[in-house]
Amino acid sequence: MNTLGTSGVRVSGLGFGGAVIGNLFTEVSDEQAYEAVTAAWQRGIRYFDTAPHYGLGLSERRLGEALREHPRAEYTLSTKVGRRLEPSAAGGDDLADGFAVPATRCRVWDFSADGVRRTLESSLERLGLDHVDVVYLHDPDDHAEEAFREGYPALEKLRSEGVVGAIGAGMNQAEMLTRFVRETDVDVVLCAGRYTLLDQSALTELLPAAVARGVSVVIGGAFNSGLLADPRPGVTYNYAQVPGDVLDRALRMREAAERHGISLRAAALAFCAAHPAVASVLVGARSAAEVQDAADQFATPVPPAFWRELRDTGLLTTEEPS
């Protein structure tokens, strides 16, 4: 278990990402979601992450129900603010935003102080909890002014009141997260898809700044939305069609991994976890079998010779891992 900054909030090295059980791209049944969370618990995972955005609240509801049978003090749960959910009569589905759920609600961007508190209150109702351990500002890319002026101070106040244990921001970019690390007193940032075997843009400024400031980093998107889990034509890379040159790199990495007796999935997770700033790596899973595989891969030692081969062939340009 690792501590998030100086907050005292602890997370397991492998965390459960809740977007998939919010019906990300395809439907998952309540039973499958429950079994996935239960398998995560059985494999020692004690950090669970969710958000209102994930399935218009479905992920929060399912995660809360599955965790209800476990002692509250034995796990860490994070959710996010910035997208308020409001009732909608528009009909149809939510696939345009990536989730296979009925569009009974709509998202309203809101990083105001009042919006932060209202969003968190609604999340607690769906989760069936009286508190969460970590709250992130979720994707404030186009709302920086409001997020820094109102959203962050609101989280800081909630932390000082003891309502939450740790606060931060979660984004699919490294630049604004670096600003949060340098200009605020966040405990943790969640960086998705920007510190992986294929994209090390977080290494330029974010990760060194986090080490210098004592801020923890949680890594999401370790597989870059699928490519590093199973590289093949047609698979997604950062939620879009994979470019040919990126696919070629992933395929060459998989060949190298196989030569060293490991899977590319194991290498991808080990790469993310090795940096000293990283406290936890989130993996989404839609079934108990996927959880078991993720836990197995996370526990697989990666031989140093594999990293040397990637560097020697130009597939990896970082010094980490050694």
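Tutor: One starts with a definition: two strands pair if DSSP finds at least two bridges between them. Helices (H or I, at least four residues) and strands (E, at least two) are themselves DSSP runs, numbered from the N terminus. As to the source, this is a predicted model, in which local features need pLDDT of at least 70, side-chain atom pairs count only at pLDDT 80 or more, and totals for chains, interfaces and linings use all residues. Residues are numbered from 1 along each chain as its sequence is written, and side-chain values use heavy atoms, with hydrogens and water left out.

Student: Which residue in E16 stands opposite Leu 14?

Tutor: Val 281 in E16 is the residue opposite Leu 14. Strand E3 (residues 14-17) pairs with E16 in the parallel sense, over four bridges.

Student: In what order do the eight strands close into a barrel?

Tutor: The order is E3-E4-E5-E10-E11-E12-E13-E16, with parallel pairing. From one strand to the next, the twist averages 25°. Angles run from 0 to 180 degrees between N-to-C directions, and axes are lines fitted to C-alpha atoms, for helices over the stretch in contact. Helix H5 (residues 175-183) lies across strand E10 (134-138), E11 and E12, and runs at about 160° to E11.

Student: How does one describe two packed helices?

Tutor: Two packed helices are described by the angle between their axes and the distance between the axes. Here, H8 and H9 pack at an angle of about 65°, with axes 8 Å apart. Contact means heavy atoms within 4.5 Å. On that basis Arg 265, Ala 266, Leu 269 and Ala 273 in H8 meet Asp 293, Ala 294, Gln 297 and Phe 298 in H9. This contact has five nonpolar, one polar and two charged residues. For these classes, Ala, Val, Leu, Ile, Met, Phe, Trp, Tyr, Cys and Pro count as nonpolar, Asp, Glu, Lys and Arg as charged, and the others, Gly among them, as polar.

Student: At what angle do helix H7 and helix H10 pack?

Tutor: Helix H7 (residues 244-259) and helix H10 (residues 304-312) pack at about 145°, and their axes are 10 Å apart. Met 253, Ala 256, Ala 257 and Arg 259 in H7 meet Phe 306, Glu 309 and Leu 310 in H10. The residues of this contact comprise five nonpolar, no polar and two charged.

Student: How do a cavity and a pocket differ in definition?

Tutor: On a 1 Å grid over the protein atoms alone, a cavity is a set of points where a 1.4 Å probe fits but cannot get out, whereas a pocket is an open set with protein on both sides within 12 Å along at least five of seven lines; lining residues have an atom within 4 Å of a point. Grid points are joined across faces, edges and corners, and a volume is the space filled by probe spheres set on the points. The largest pocket holds about 1300 Å³ of space. Among its 48 lining residues, Ala 19, Val 20, Leu 24, Ser 225 and Tyr 239 are the closest to its centre. H9 gives the most to this lining, namely four residues. By class, the pocket lining has 21 nonpolar, 15 polar and twelve charged residues.

Student: What lines the largest cavity?

Tutor: Its lining consists of Leu 14, Gly 15, Phe 16, Ile 45, Val 283, Ala 285, Val 291 and Ala 294. The volume of the largest cavity is about 40 Å³. E3 supplies the largest share of the cavity lining, three residues.
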